Amino acid sequence: MMKEFFPHIAVDPLVRFGKPVIAGTRVPVDLVVGKIAGGMTTEAVMAEYDLTREQVLGVLQYAAKLVAEEELSFV
């Protein structure tokens with residue numbers, strides 16, 4: 001059962017091995033972040049994966065939240 005835990009982001013153990021995906025799709029968060037990081041425009045990602053701007057921005061907001069909460073150890 002898919003459970004949305006962040007706006008536009010969901011997890012289902014039976015979809016993509018339980019990795020975060022865009023809610024209502026099978027498009028993984030890491031794929032979208034990787035495409036944009038690789039130089040693909042938001043519009044191109046939206047067109048290629050049939051996503052809305054809100055979904056793509058939700059992915060970026062989720063990624064930003066993860067980075068902001070990350071604690072690094074320099075031991």
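Which residue in S3 does Ile9 stand opposite? Here are a few notes on this predicted model, starting with that one.

1. The residue facing Ile9 is Ile22 in S3. Strand S2 (residues 9–11) and S3 run antiparallel and are joined by 2 bridges.

2. Stepping back to the sheet: it is open, built from 3 strands in the order S1-S2-S3, with antiparallel pairing.

3. H3 lies across S1, S2 and S3, and its direction makes an angle of about 60 degrees with S1. Have a look at Phe6 too: beyond its neighbours within four places in sequence, Phe6 is in contact with Gly58, Gln61, Tyr62 and Lys65.

4. Helix H1 (residues 29–37) and helix H3 (residues 53–69) have axes that come within 10 Å and cross at roughly 95 degrees, which makes H1 roughly perpendicular to H3. On the H1 side, Val29, Val32, Val33 and Ile36 take part, meeting Val56, Val59, Leu60, Tyr62 and Ala63 in H3. Sorted by class, this contact has 9 nonpolar residues, with no polar and no charged ones.

5. Finally, the largest nonpolar core has 12 residues, among them Phe6, Ile9, Ile22, Val29, Met46 and Tyr62. H1, helix H2 (42–49) and H3 supply at least two core residues each, and H3 gives the most, with 3. Ile9 and Ile22, the opposite pair from the opening question, both belong to this core.

Conventions: Residues are numbered from 1 along each chain as its sequence is written. This is a predicted model: local features need pLDDT of at least 70, side-chain atom pairs count only at pLDDT 80 or more; totals for chains, interfaces and linings use all residues. Side-chain values use heavy atoms; hydrogens and water are left out. Axes are lines fitted to C-alpha atoms, for helices over the stretch in contact, and angles run from 0 to 180 degrees between N-to-C directions. Helices (H or I, at least four residues) and strands (E, at least two) are DSSP runs, numbered from the N terminus. Angles under 35 degrees count as roughly parallel, over 145 as roughly antiparallel, 65 to 115 as roughly perpendicular and the rest as oblique. Contact means heavy atoms within 4.5 Å. Ala, Val, Leu, Ile, Met, Phe, Trp, Tyr, Cys and Pro count as nonpolar, Asp, Glu, Lys and Arg as charged, and the others, Gly among them, as polar. A nonpolar core is a set of buried Ala, Val, Leu, Ile, Met, Phe, Trp, Tyr and Cys residues joined through side-chain atoms within 4.5 Å. Buried means under 20% relative accessible area, exposed over 50%, partly exposed in between (1.4 Å probe, protein chains only). Two strands pair if DSSP finds at least two bridges between them.
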